[in-house]
Amino acid sequence: MSPELRKILSEARSVVVLTGAGVSAESGIATFRDPDGLWQQFKPQELANIDAFLANPSLVQRWYAERRRVVEEAEPNPAHRALALLDTVVETTIITQNVDGLHHQSGSRNVIELHGNIRRSYCVDCGGKSDNPQLDAQGIAHCRRCSGLIRPDVVWFGEMLPVEAIRMAYEATRTADVFLSIGTGAEVSPAADLPIIAGRHGAYTVEMNIRRSAISDFVDEIVSGPAGTTVPDLVSVVLDSRQTST
Ligand code: OAD
């Protein structure tokens with residue numbers, strides 16, 4: 001971490017964090033595009049779009065049920081916990097592409113979920129929420145109100161992001177003093193555009209990742225290494241500087 005980043009962190013009034021699957025990797029949740037990632041083993045066109053769901057709802061529901069099981073057994077790791085701690089000393093907004101809910105679980109208050117949450121479901125016909133839907137013998141769940149098909153509340157390919165979530169994400173991004181992009185390959189827009197927008201609006205932009213990503217050439221600084229180590233290190237710099245200055 002450069003002396004410049006240390007100084008900027010000690011003075012920052014607003015930190016905005018974009019997280020991707022890499023921040024949850026050390027909680028045992030697979031990423032998408034790493035060598036052992038989900039999109040290396042499964043085809044998104046068969047599992048993560050509405051046409052695939054309507055053609056074969058049980059295949060899609062069973063795949064999401066298994067991912068939900070993994071997520072429900074997972075615990076926040078030191079990166080999630082450090083970000084929750086950061087929230088206690090400086091205004092922190094977390095914009096996450098993850099659907100695992102681990103930022104909320106670790107105590108972060110200001111979390112914007114861009115891609116939904118795998119723990120929630122809703123009816124494709126009436127839109128009614130349906131938490132904890134039980135799959136029948138065919139691997140399908142039906143709405144208690146209208147009998148429509150229940151689907152996971154995640155954003156699939158070709159779908160709009162939740163309007164309010166993306167509005168809040170742009171707003172926070174434009175006013176950030178520091179913008180941290182943690183554990184994302186930055187290949188999916190509009191999330192991938194946020195670090196660039198933050199930089200244009202004057203934020204100091206930092207990538208924290210185990211390898212280079214699509215935005216590495218456009219950030220001010222790269223902090224290499226696993227998020228479970230680098231994020232607590234960075235947050236301890238902020239905590240130390242705030243304790244010294246009070
Ligand atoms: P990717 O799988 O594309 O990228 C994961 C990133 O995490 C890579 O850049 C890895 O190098 C990095 N990484 C892995 N382990 C790490 C660790 N321990 N510490 C730090 N970095 C680590 O996942 P996302 O960028 O999140 O969309 O993917 C974006 C979106 O694409 C997802 O939200 C999902 C997917 O299709 C939807 O489902 C809508």
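The model is predicted, so local features need pLDDT of at least 70, side-chain atom pairs count only at pLDDT 80 or more, and totals for chains, interfaces and linings use all residues. Residues are numbered from 1 along each chain as its sequence is written, and side-chain values use heavy atoms, with hydrogens and water left out.

Student: How is the chain divided into domains?
Tutor: The bounds come from an automatic or database domain assignment. That gives two pieces, domain 1 (1–29 + 76–115 + 159–246) and domain 2 (32–73 + 121–154).

Student: Which side chain has an N or O atom 2.7 Å from an oxygen atom of the ligand?
Tutor: We're after polar contacts, pairs of N or O atoms within 3.5 Å. Backbone atoms take part too: Gln97 is 3.2 Å from a ligand oxygen, and Ala227 lies 2.9 Å from a ligand nitrogen. The side chain at 2.7 Å from a ligand oxygen belongs to Thr184.

Student: How many residues of domain 2 are in contact with domain 1?
Tutor: Contact means heavy atoms within 4.5 Å. The domain centres, taken over C-alpha atoms, are 28 Å apart. Domain 1 brings 10 residues to the contact, and the number from domain 2 is 11.

Conventions
Polar contact = N/O pair within 3.5 Å; in protein donor to acceptor, adjacent residues only side chain to side chain.
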